[in-house]
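Morning, everyone. Let me put the model up, and then we'll go through a helix contact and some charged pairs.

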Amino acid sequence: FTVRYLKPAGDNRRLLVLLAVSTGLALVTKSSLYILLPLVLLAIAVRHLWLEGEGRLLRAGSLYVLPAVLLALPWWLRNAAVYGGLDFLGLERHDAVVIGQLRTAEFLASHGLPVLVRDFLLTSFRSFWGQFGWMGVLLDERLYQAVGVLSLIAVAGLLAWSWGAWHRRAGFPRWQWAAVGVLILWAGLTLASYLWYNTSFVQHQGRYLFRALLPIGLGIALGWREALRRERALALAAVLAAGAMAARILGWLPNWPLLMLLVAAAGLAARRFLPSRWDALVQACPYLLLVALDLASLFLFVVPQLA
């Protein structure tokens with residue numbers, strides 16, 4: 001809805017009401033979703049001050065904010081009555097009653113900053129893709145490595161697209177750049193809130209990033225699309241193979257990730273010579289692999305370990 005609102009298309013009061021209702025429901029669902037409020041307000045300001053340059057900002061902002069706040073107000077009043085004071089989100093009560101949950105300061109004192117950073121990155125990545133049963137059910141390490149290779153290919157493709165889009169920026173309408181900015185800010189605010197929470201508690205759980213699945217998913221899909229383009233295949237294959245061999249020589253890469261990267265590089269090189277009638281199947285390959293990951297996670301790890 002927010003991205004759609006950025007595209008100038010006449011009177012969008014109905015879309016604003018839908019945004020208000022969605023935001024109001026989010027405000028009574030989870031405190032981590034409160035980033036929606038400034039995001040939508042920013043999009044409204046961008047449309048009316050930059051894209052259109054007309055003076056309906058106050059009316060549009062009111063049409064969005066008032067219904068959202070009115071929808072959430074009963075819940076806030078209830079929380080204030082239950083928790084006392086201005087703790088209408090219950091955050092102060094949460095911090096007061098948590099017993100036994102590991103604090104970041106304690107972990108730092110016991111293990112040091114390098115271990116904290118390593119555990120944060122590793123556990124966040126694993127739990128984003130698949131770590132179940134209250135973080136107790138992990139997948140095979142080779143599956144995490146395979147997903148890491150797919151993620152690396154997506155990042156490489158996204159960077160290639162970004163470079164090309166920047167050089168062609170004059171051909172894009174301003175509302176599209178505004179939409180990209182909102183999506184990037186959405187992901188950035190989600191990451192910032194995740195980092196902020198982990199300054200108090202050791203909560204290296206990728207699920208906290210799920211509220212940014214829309215920009216993350218769009219970025220990954222765009223990256224895979226660009227990486228699997230015929231004209232990019234050989235260059236990306238060369239970069240992957242060279243990077244994998246360099247990391248191996250430096251001792252940074254174990255055998256399985258090295259093999260996966262070389263196989264991925266070989267597949268990308270072969271993609272350059274496949275007939276065009278196979279293009280749709282090639283573009284579908286990452287998503288078919290994700291379906292296989294879902295089935296393997298459920299039947300090979302989750303069900304056996306929780307049985």
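Start with helix α8, residues 141–167, and helix α10, residues 213–227: their axes come within 7 Å and cross at roughly 80 degrees. Angles of 65 to 115 degrees count as roughly perpendicular, so α8 is roughly perpendicular to α10. Keep in mind that this is a predicted model.

Who makes the contact? From α8: Leu150, Ile153, Ala154, Gly157, Leu158 and Trp161. From α10, the residues include Gly219, Ile220, Trp224, Arg225 and Glu226. By class, that contact has nine nonpolar, three polar and two charged residues.

Stay on Glu226. Is Glu226 buried or exposed? Buried, at 3% relative accessibility. Glu226 forms a salt bridge with Arg232, with the closest N and O atoms 3.1 Å apart. Arg232 is partly exposed, at 26%. There is a network here too: salt bridges link Arg225, Glu226, Arg229 and Arg232.

Glu141 in α8 pairs with Arg126 in helix α7, residues 113–130. The closest N and O atoms of that salt bridge are 2.6 Å apart. Arg126 is buried, at 17%; Glu141 is partly exposed, at 35%.

Next pair: Arg142 and Asp140, a salt bridge at 3.0 Å, N to O. Arg142 is partly exposed at 39%, and Asp140 is partly exposed at 27%. The count for the model comes to nine salt bridges.

Last stop, Val263 in helix α12, residues 255–271. Val263 counts as exposed, at 53% relative accessibility. Its C-alpha is 57 Å from that of Pro74, 189 residues away along the chain.

Technical notes:
Residues numbered from 1 in each chain as written. Predicted model: local features only at pLDDT ≥ 70, side-chain atom pairs only at ≥ 80, totals over all residues. Heavy atoms only, no water. Axes fitted to C-alpha atoms, helices over the stretch in contact; angles between N-to-C directions. Helix = DSSP H or I, 4+ residues; strand = E, 2+ residues; numbered from the N terminus. Parallel < 35°, antiparallel > 145°, perpendicular 65-115°, else oblique. Contact = heavy atoms within 4.5 Å. Nonpolar A, V, L, I, M, F, W, Y, C, P; charged D, E, K, R; others polar. Buried < 20%, exposed > 50% of the residue type's maximum accessible area, 1.4 Å probe, protein only. Salt bridge = Lys/Arg side-chain N within 4 Å of Asp/Glu carboxyl O.
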